[in-house]
Amino acid sequence: MIKSMTGFGRGEYNDGKRSIIAEIRSVNHRYSDITVKMPRRYSFTEDKIKNTVKEKIRRGKVEVSIVVENLTENDVNISLNTMLAQQYLDNLKKLREDFSLEGEISLQFLASLPDVLKAIPDVDDEEEMTACILEPVRAAAANLENMRLKEGEKLAEDLRMRGKLIRSLVDRISDRADLVPKAYMAKLQDRIKELIGNSVELPEERILTEAAIFADKCSIAEELTRLDSHMQQLDLILSESTEPCGKKLDFLVQEMNREANTIGSKANDLEITGYMLQIKAEIEKIREQVQNIE
């Protein structure tokens, strides 16, 4: 089960008293990083929101946005700060006397001063409110997971295709690698003839020894076997993995690169070098895709 780390999910809740919308966005990240944006009055639900999201998302940078709209006035209380109002009144009277000012200090003016009257959210039942908020969060997380699964299927399909292409190139390199020592020996014979002519008998044993040394030096059979094994492992992980496998795939890509670089440095043949350039290009594309897998 391959999941992408990129996606979006939305959930809604409405009980007649309040309307709650939860939106979750995620992008790729090496670890799990969840942030919650919501009204401060409901901050007591943040840990439970994060735990709910973690049930669906193991890795990625996740942003949860919560919007709460109260549909009734029951969630708000009006608070009167009498002591503050008295301080305002005393200071205003003193100001009027000190500067010999005229005018009355009205109730409307006094009530309009900062923090004399304050609307305070009434959230007495935290358990009820937490349950209300978690409902759309769960829905948003489920929708996000569905999107990540669908994108994950597309990523897996692309990776399988690239894996098959690399295996076909490995087969071509393997066929070509068997011919390289023979081609080297023929070139060596031609070069010796060019230097000493046909008048001197060619040192056949010496030529065979040089060819054997060259064949051993440029042998890439083990690297080809390991690279092919890595591609089989890629297909196995994509087909059978039931847990997040992005980090495992990332490590596997590093091993692919290691074998590809070794083959490229040991293979003394232009045709094999051309195949290796194609393989390295495909491995790089695999690496880029793997970065977005959970």
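Q: What do the side chains of R287 and E284 meet in?
A: This is a predicted model, and in it the side chains of R287 and E284 meet in a salt bridge, with 2.7 Å from N to O. The two residues are three apart in helix α8, so about one helical turn separates them.

Q: How many salt bridges does the structure hold?
A: The structure holds 26 salt bridges. One of them pairs K37 with E63, where the closest N and O atoms are 3.7 Å apart. That pair links distant parts of the chain, since K37 sits in strand β3 (residues 32-37) and E63 in strand β4 (residues 60-70), 26 residues apart.

Q: What does R176 form a salt bridge with?
A: The partner of R176 is E271, and their closest N and O atoms are 3.6 Å apart. Here again distant parts of the chain are linked, with R176 in helix α4 (residues 126-196) and E271 in helix α8 (residues 270-290), 95 residues apart. R176 counts as partly exposed at 23% relative accessibility, and E271 counts as partly exposed at 37%.

Q: Let's step back: how many helices and strands are in the chain?
A: The chain has eight helices and six strands, and from the N terminus on they run β-β-β-α-β-β-α-α-β-α-α-α-α-α. Of the 294 residues in the chain, 34% are buried.

Q: Which residues of helix α1 are buried?
A: In helix α1 (residues 46-54) the buried residues are I49, T52 and V53. They lie on the same side of α1, because they cover an arc of only 95 degrees around the axis.

Q: Switching to loops, where is N81 found?
A: N81 lies in the loop between β5 (76-80) and α2 (82-98), and with a relative accessible area of 33% it is partly exposed.

Q: What does N81 touch, leaving out residues up to four places away in sequence?
A: N81 touches D115 and V116 on that count. The C-alpha atoms of N81 and L117 are separated by 6.5 Å, although these residues are 36 apart along the chain.

Q: Last one: is E255 buried or exposed?
A: E255, which is found in helix α7 (residues 246-266), counts as buried at 15% relative accessibility. The side chain of E255 also makes a polar contact with the side chain of R258, at 2.9 Å.

Conventions. Residues are numbered from 1 along each chain as its sequence is written. This is a predicted model: local features need pLDDT of at least 70, side-chain atom pairs count only at pLDDT 80 or more; totals for chains, interfaces and linings use all residues. Side-chain values use heavy atoms; hydrogens and water are left out. Buried means under 20% relative accessible area, exposed over 50%, partly exposed in between (1.4 Å probe, protein chains only). Helices (H or I, at least four residues) and strands (E, at least two) are DSSP runs, numbered from the N terminus. The arc is that of the directions from the helix axis to the C-beta atoms. Contact means heavy atoms within 4.5 Å. A polar contact is a pair of N or O atoms within 3.5 Å; within protein, one must be able to donate a hydrogen and the other to accept it, and residues adjacent in sequence count only if both atoms are side-chain atoms. A salt bridge is a side-chain nitrogen of Lys or Arg within 4 Å of a carboxyl oxygen of Asp or Glu.
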